[in-house]
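Subject: Structure handover

Hello,

Here is the structure for you to look over. My notes on strands, helices and salt bridges follow below.

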Amino acid sequence: MARSEGSICKLCLVCSVIANLFFGVNLYRGRRGLWGRNWSIDEVSIQGLSWSGRAAAEAESAAARECSGHGRAYLDGVVVDGRPACECNNCYGGPDCSLFLPSCFADADEGDPLFLEPFWKQHAESSAVMVAGWHRMSYSFSDQTTLSQELESLLRKLHSLVGNAITDGKYILFGAGSTQLLSAAVHALSPHNSSLPASVVASIPYYSLYREQTEFFNSADCSFQGDPARWKNATNTTGDIIEFVTAPNNPNGQLNEAVLHGPNIKTIYDRAYYWPHFTGIPSPADEDLTIFTISKLTGHAGSRFGRWAFIRNEEVYQRMNMYLELNTMGVSRDTQLRALKLLKVIIKDGGREIFEFGYKTMTKRWDRLRKTLSMSNRFSLQKVPPENCTYFQKVREPTPAYAWVKCEWEEDTNCIEILNAAKILGRGGSIFHDDHRYVRLSVIKSDDDFDVLISHLEGLVSGKDGAKIM
């Protein structure tokens with residue numbers, strides 16, 4: 001009897017080991033399991049993940065939709081037949097995004113950095129975030145601040161690895177988008193209780209948000225006054241001047257430098273594009289107030305982690321921090337967690353993989369764009385000189401986020417109208433306070449967007465209308 005009971009115990013042990021091995025391998029392999037079986041959400045949840053099993057299965061189910069390679073499905077998308085529907089790229093339609101729409105416009109207007117989406121699909125596992133329903137419910141972290149210390153540490157480490165900013169001895173602040181942090185910087189640098197407001201300036205062509213937000217908030221402490229050149233040789237300038245310096249510049253990719261200098265000059269350096277995707281890194285930025293953004297680093301514009309600022313002066317830091325606390329009480333804790341996860345992926349190899357991917361993608365796009373526009377003398381592109389890149393350790397051609405296109409023919413006095421007639425959307429030079437002969441075209445959107453743009457440009461320079469099917 002004892003011998004029989006021992007055999008039964010051994011048999012149970014073996015069965016247990018086999019069962020655990022089976023479910024463990026299936027869990028490792030994902031929802032499709034060992035033999036390609038499509039596990040249900042309930043079946044996944046019993047494989048040892050408890051509450052996260054169902055959440056993981058839902059995320060995998062949405063991400064698994066191919067949408068013919070011309071769209072994607074999201075967990076928060078419209079649900080059709082019990083699953084998230086495909087959201088198609090521009091110029092594609094149908095339930096699975098397989099239908100090309102030849103009469104569509106090429107959208108090169110917005111700066112959506114979707115060119116990095118393939119990189120994150122290649123790193124689906126390491127970049128995924130699973131959040132419990134009770135994650136960070138408090139207004140603040142345990143240290144009573146609204147900034148993740150771990151995220152701050154990774155940001156400083158990343159800048160050190162890339163060599164694009166010196167962060168030692170500087171304060172750091174997070175912002176929920178470019179408008180918020182740029183506005184906080186202008187607020188902090190403007191004089192308070194003064195009869196003479198600060199003049200906010202930026203070199204033409206400049207990012208239109210600098211003017212738009214200054215005029216929109218209509219503060220008594222500052223007003224937008226256009227290009228700084230008018231003050232460059234002035235000898236009797238009174239009042240403070242706040243200069244925006246964008247390097248690389250939006251829209252033309254130039255590594256701008258400050259125009260004005262002096263005791264009454266305050267400078268905000270906007271370095272959203274100062275990453276190896278877009279430009280050589282000749283030296284680390286070491287300014288009093290420098291602003292970066294995650295959207296042009298990782299491509300996650302929709303996360304609205306927005307920007308972070310490095311500030312040398314404590315008083316300026318405190319005034320900016322007060323502005324942000326009164327405005328939103330800091331950046332979403334969920335957003336900070338996602339940013340933290342993304343930065344861990346980047347830092348793992350010193351940023352080498354994402355920056356090489358981004359640089360190669362942008363180089364191929366610029367080669368195609370230059371080749372297309374060189375077929376005619378009607379258009380020209382901005383000329384940005386090569387830079388020595390300390391990150392890649394070589395002199396390299398710039399690959400700006402935007403093409404600053406000029407209509408060269410005398411009769412083409414309004415370039416955006418010429419492109420619109422060819423079904424190409426962009427931003428006219430007047431938006432950047434420049435000549436109507438210029439248009440900004442985004443080079444950083446999805447592969448589909450760029451392919452359609454090239455197709456429409458080929459039709460324009462050859463005198464033919466219409467887009468080719470991709």
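**Sheets and salt bridges**

An open sheet of 4 strands runs in the order β15-β18-β21-β20, with antiparallel pairing. Its edge strands are β15 (379–380) and β20 (427–428), each of which pairs on one side only. Between β15 and strand β18 (residues 402–407) there are 2 bridges, in the antiparallel sense. Ser380 has Lys406 in β18 as its bridge partner. Please keep in mind that this is a predicted model.

There is also an open sheet of 7 strands. Its order is β8-β14-β13-β12-β11-β9-β10, and the pairing is mixed. β8 (171–175) and β10 (222–224) stand at the edges with a single partner strand each, so one side of each has no neighbour in the sheet. On average, neighbouring strands of this sheet are turned by 20° against each other, direction ignored. Strand β11 (residues 241–246) runs parallel to strand β12 (residues 265–270), and 6 bridges join them. Within that pairing, Ile241 has Ile265 of β12 as its bridge partner.

Two helices lie across β8, β13 and β14. Helix α6 (residues 149–162) runs at about 110° to β8. Helix α11 (residues 314–328) runs at about 20° to β8.

Now the charged pairs. The whole structure holds 14 salt bridges. Here are some of them.

- Arg365 and Asp447: the closest N and O atoms are 2.7 Å apart. This pair links distant parts of the chain, with Arg365 in helix α13 (residues 352–373) and Asp447 in helix α15 (residues 447–461), 82 residues apart. Arg365 is buried at 4% relative accessible area. Asp447 is partly exposed at 41%.
- Lys266 and Asp240: the closest N and O atoms are 3.8 Å apart. Here too, distant parts of the chain are linked: Lys266 is in strand β12 and Asp240 in the loop between α9 (229–232) and β11, 26 residues apart. Lys266 counts as partly exposed, at 26% relative accessibility.
- Glu215 and Arg211: their side chains meet at 3.8 Å, N to O. Both lie in helix α8 (residues 209–217), 4 residues apart, about one turn of the helix. Glu215 is partly exposed, with a relative accessible area of 45%. Arg211 is partly exposed as well, at 21%.

Which residues are linked in a network of salt bridges? They are Lys170, Asp286, Asp288 and Arg312.

Best wishes

How values were computed. Residues are numbered from 1 along each chain as its sequence is written. This is a predicted model: local features need pLDDT of at least 70, side-chain atom pairs count only at pLDDT 80 or more; totals for chains, interfaces and linings use all residues. Side-chain values use heavy atoms; hydrogens and water are left out. Two strands pair if DSSP finds at least two bridges between them. Axes are lines fitted to C-alpha atoms, for helices over the stretch in contact, and angles run from 0 to 180 degrees between N-to-C directions. Contact means heavy atoms within 4.5 Å. A salt bridge is a side-chain nitrogen of Lys or Arg within 4 Å of a carboxyl oxygen of Asp or Glu. Buried means under 20% relative accessible area, exposed over 50%, partly exposed in between (1.4 Å probe, protein chains only).
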